[in-house]
Amino acid sequence: FFMTAQVCVLYFAKSVELAGVKEEKTVAVPTPISSHDLWKLLLQRHPRLCELQDGVVLAVRQEYVPIGDQVLTLGDGDEVAVVPPLSGG
Amino acid sequence: FFMTAQVCVLYFAKSVELAGVKEEKTVAVPTPISSHDLWKLLLQRHPRLCELQDGVVLAVRQEYVPIGDQVLTLGDGDEVAVVPPLSGG
Amino acid sequence: MSKELSDVFKLSRDWLSVQEVVDSVSSPSCGAISVFIGTTREDEADGRKVVGLEYEAYEPMAQSEFNKLCADIRARWQSVTHICVHHRLGWVKVGETSVVMAISSPHRHDGQQAIQHCISQLKANVPIWKKEVYDTQEVNWKENAE
Amino acid sequence: MSKELSDVFKLSRDWLSVQEVVDSVSSPSCGAISVFIGTTREDEADGRKVVGLEYEAYEPMAQSEFNKLCADIRARWQSVTHICVHHRLGWVKVGETSVVMAISSPHRHDGQQAIQHCISQLKANVPIWKKEVYDTQEVNWKENAE
């Protein structure tokens, strides 16, 4: 039994250039969903994101989530971010 | 065969209070002399310096010299300093 | 003596003031302030000269990761009193300061270890990115080694 | 790129400027500046309150010991670029800064280790002394633990 959540997807750094967008306010996403499947869904929307494959992680509700088996339960309005390798400092 | 040098003795920190003087421009000192005997000579001039006994060192021509067997060759005008434990910083 | 502790994080599009960061961690109970300042270095890559860096952040998450980092620092070095980090966003010319951080503590050893942990964990965990901009107009997104 | 190195030591009867010390080690080749600031802490000893510290130095020897310390630092961390230490003399009220030191280096690790060595060796080897002055007018010459 799956539901759909309307999440807000944020892009940062190189992922903005690859996706061609900084923010998508309502993206329909099945929930629950593994972080791996969530990433695949974003890759379908923006195939050039595959350049980031190595080193990218997601942030869900402002918490880091590695791309893998972890199952995420999403709600409407939740923030999902594409997080390329950090370079602050 | 001993000679005598007229050295300048400088006192710092607590040794100023104990000696009652900051600087003695010409103090006659036999040379060569061990640093231990040089310290004894200063103690004879200012007996209260014995309060510093533990932890004091000398500086001769602005180089540290521990109080011990080291033999010093002094010349007229050489600077000898009484160096209580440091507390900079 | 009750001890007030402060954790201050600021993302700024303006020039950073070292004095302001130092002042914000000063405390009469602290004998030691450890400071780290990161600046953009003159550099070359493949014959191109770096003219500056462009920073961006995931701002609310940067603040929450900073809060976690402060909790981690305080768990490791319990004498740490105040922590302050100011980080630039936007365009930072070569030679300008990109980050200033200061930590105060009663004695110096805790603060010195804490400041090293603070900069390495900030680079590892706080969502901030920079791209190098070259004299050829080309750009390159950087990646922290650690 | 030829590298100018500077070692600056100042004994000052005036208030110390952190910015001045930081500026004097800045260099376009350096991405990292490590800073240590020592201040006089509010303290009590046997029920007496410390109101301030009185510093003195064997000035020419302090300079020559600082020069030796810089040579030692440069031998241990060869990427260290500039070293600057400003130290107060005379009367320093509680809460005021007694020493500011900064070291610049291309990358941060060398500078962070060097600054720790710099403060501990300064305390151990540079002929400077302080006495605590209490609210009772009593005084006590201090002794560095290390």
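**Entry 1: a threonine to begin with**

Is T136(D) buried, partly exposed or exposed? I looked it up: T136(D) counts as partly exposed, because its relative accessibility is 39%. My cut-offs, with a 1.4 Å probe and protein chains only, are under 20% relative accessible area for buried, over 50% for exposed, and partly exposed in between. T136(D) sits in the loop between β8 (128–134) and β9 (139–141) of chain D. I take helices (H or I, at least four residues) and strands (E, at least two) from DSSP runs, numbered from the N terminus. I also checked T136(D) against G47(D): they are 89 residues apart in sequence, and their C-alpha atoms are 9.9 Å apart in space.

**Entry 2: what I am looking at**

This is a predicted model, where local features need pLDDT of at least 70, side-chain atom pairs count only at pLDDT 80 or more, and totals for chains, interfaces and linings use all residues. Residues are numbered from 1 along each chain as its sequence is written, chains are lettered from A and ligands numbered from 1 in the order in which they are written, and side-chain values use heavy atoms, with hydrogens and water left out.

I noted the confidence next. The pLDDT is the predictor's confidence in each residue, from 0 to 100. Chain C has a mean pLDDT of 95, with 97% of its residues at 70 or more. For the complex, the predictor gives an ipTM of 0.94 and a pTM of 0.95.

**Entry 3: how the chains meet**

I counted a contact wherever heavy atoms come within 4.5 Å. Three pairs of chains are in contact, and chains C and D share the most contacts among them. Chains A and B have no contact, and their closest C-alpha atoms are 29 Å apart. Chains A and D have none either, with closest C-alpha atoms 10 Å apart.

Then I compared C with D.

**Entry 4: chain D against chain B**

How many residues does each chain bring to this contact? Chain D brings 26 and chain B brings 19. About 1800 Å² is buried between them, and carbon and sulfur atoms give 54% of it. Of the area that chain D buries against chain B, Y58(D), W129(D) and W141(D) supply 36%, more than any other three residues. Buried area here is the accessible area (1.4 Å probe) that two parts lose on being put together, summed over both.

I found two salt bridges across this interface. For a salt bridge I need a side-chain nitrogen of Lys or Arg within 4 Å of a carboxyl oxygen of Asp or Glu. K68(D) makes one with E63(B), with the closest N and O atoms 2.7 Å apart.

**Entry 5: a helix in chain C**

Helix α2 (residues 59–76) of chain C has 18 residues and reaches 26 Å from first C-alpha to last, close to the 26 Å expected. The expected span is 1.5 Å times one less than the number of residues. Its buried residues include F66(C), L69(C) and I73(C). The buried side packs against parts of two chains, among them β4 (57–60) of chain A and α3 (108–125) of chain C.

D72(C) and R76(C) form a salt bridge, their closest N and O atoms 2.9 Å apart. They are four residues apart in this helix, so about one helical turn separates them. D72(C) is partly exposed, at 25%.

**Entry 6: more salt bridges**

I searched the whole structure and got 32 salt bridges over all chains. One of them joins E51(A) and K14(A), with closest N and O atoms 4.0 Å apart. E51(A) is in the loop between α2 (35–45) and β4 of chain A and K14(A) is in helix α1 (residues 14–19), so the pair ties together parts 37 residues apart in sequence. E51(A) is exposed at 52%, whereas K14(A) is partly exposed at 28%.

In chain D, K142(D) pairs with E132(D), the closest N and O atoms being 3.2 Å apart. K142(D) is partly exposed at 28%, and E132(D) is buried at 8%.
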